[in-house]
Amino acid sequence: MSLLSPAEGWYYKKVAKDEKMWMIIALVLCISMFVWMIMWHVYGKQNPSSITYRTSTTEFAKLSEAYIKKNMVGVDNGVPVVRPQPNTDVFILSEMWRWSPALILQKDQKYKFHISSKDLVHGFSIQPVNMNFQVYPGYDYVLEFKPTETGEYKVICNEFCGIGHHTMIGRIVVIEKEEDLKLYGYENLKKAPDPLPETKAEGKELSETDKALLGEQVYTLKGCAACHKLDGTSLLAPSWNGLFGKEEHVIENGKQITVTVDEDYIRESIKNPQQKVTVGFEKNPPMPVFPLTDEDIDHVIAYIKSLKK
Ligand code: CUA
């Protein structure tokens, strides 16, 4: 309450003429800007309106993993490659620090993208066409997507998401005819053999090559590729290239020891990552425990063995 009451009837005073005029101008401006906002959305070069569903990070990760496993046609540098049928749903997962899968799309065909994040906010930015979408964990963004030009598009992350942010680059290639695959090195993609039950039922033993291909599938699907690179670089974790048989200095119970990377060492490192930590990586974010079956781990071992220097 104020000290003095205002004069009686203060609120009822005629609005002056010029004040009225300004109010009308402001109102007209507001309305016209509002109309423009809608027009611009429809006719301007704006991001499309997307449908969004509530989901959970684990649910979406499961969904995309199942989708990729079913549809992958090969692997590109640790990332599964999927060639979706036109007019189908495509599940794209972002996580620290990669986009999965890489896509081969057909020009002038429609696809329905579902995009979500496994951990934190990432930015789905298609270059060089510069289309940008924010990707939130817990939300499934649905985007109708129709590429109208062939070529290679990079998906970069434009939301800072930590130490590996700058390495988070995905790939979409748009082709018109089969020969175009050659332009992107996708003409000889290798597919992992069908999952085990049938092979097992026939009592067939998997060859080392098949095991390695299945291991590669685990490597790409479970996201090992996000930290363990194949090109010899080791930003976040030891590279898998030439790792098998190597002598590594590790820290166990605070003491530094030397181990040879063999099957047992890899098995232990997957099941209990903190037991022995490679010297040089002890300050990095710790490796999580991945829910892998013993079979998965055997295949991963076969895969690491197959990676020569
Ligand atoms: Cu993801 Cu930056």
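For the angles I used axes, which are lines fitted to C-alpha atoms, for helices over the stretch in contact; angles run from 0 to 180 degrees between N-to-C directions. Helices (H or I, at least four residues) and strands (E, at least two) are DSSP runs, numbered from the N terminus. Contact means heavy atoms within 4.5 Å.

I noted the ground rules before going on. The model is predicted, so local features need pLDDT of at least 70 and side-chain atom pairs count only at pLDDT 80 or more, while totals for chains, interfaces and linings use all residues. Residues are numbered from 1 along each chain as its sequence is written, and side-chain values use heavy atoms, with hydrogens and water left out.

Two strands pair if DSSP finds at least two bridges between them.

I then checked the pair β2 and β3 (residues 79–82): the two run antiparallel and are joined by 4 bridges. M72 has V82 in β3 as its bridge partner.

**Entry: α4 against α6**

I went back to α4 (residues 208–221) and found that it packs with helix α6 (residues 294–306) at an angle of about 105°, the axes being 7 Å apart. The two helices are therefore roughly perpendicular to each other (65 to 115 degrees; under 35 counts as roughly parallel, over 145 as roughly antiparallel and the rest as oblique). On the α4 side I listed E208, K211, A212, L214, G215, E216, V218 and Y219. On the α6 side I listed D296, H299, V300, A302, Y303 and S306. By class, the contact has 7 nonpolar, 3 polar and 4 charged residues. Here Ala, Val, Leu, Ile, Met, Phe, Trp, Tyr, Cys and Pro count as nonpolar, Asp, Glu, Lys and Arg as charged, and the others, Gly among them, as polar.

**Entry: the sheet of 5 strands**

I traced another open sheet, with 5 strands in the order β1-β10-β7-β4-β5 and mixed pairing. Its edges are β1 (51–54) and β5 (98–100), each with a single partner strand, so one side of each has no neighbour in the sheet. Neighbouring strands are turned by 25° against each other on average, direction ignored. Helix α2 (residues 57–71) packs on this sheet and touches β4, β5, β7 and β10; its direction makes about 125° with that of β4.

I took the pairings one at a time. β4 and β5 pair in the antiparallel sense over 3 bridges, with E95 opposite R98 in β5. Strand β4 (residues 89–95) and β7 pair in the parallel sense over 6 bridges, and L93 stands opposite S116 in β7. β7 and strand β10 (residues 139–145) pair in the antiparallel sense over 5 bridges, where H114 stands opposite V142 in β10.

Is β7 enclosed or open? Of the 7 residues of β7 (residues 111–117), 6 are buried, so the strand is largely enclosed by the rest of the structure. Buried means under 20% relative accessible area, exposed over 50%, and partly exposed in between (1.4 Å probe, protein chains only).

**Entry: single residues**

I looked at S94, which is found in strand β4. S94 is buried, with a relative accessible area of 0%. Leaving out residues up to four places away in sequence, S94 touches W99, S116, S117, K118, H122, V135 and M168. The C-alpha atoms of S94 and D119 are separated by 8.0 Å, and the two residues are 25 residues apart along the chain.

I38 is found in helix α1 (residues 17–43) and counts as partly exposed at 45% relative accessibility.

I searched the whole structure for disulfides (a pair of cysteine sulfur atoms within 2.5 Å) and found 0. C224 is in no disulfide; its nearest cysteine sulfur, that of C227, is 9.2 Å away. C224 counts as buried at 11% relative accessibility, whereas C30 is partly exposed at 47%.
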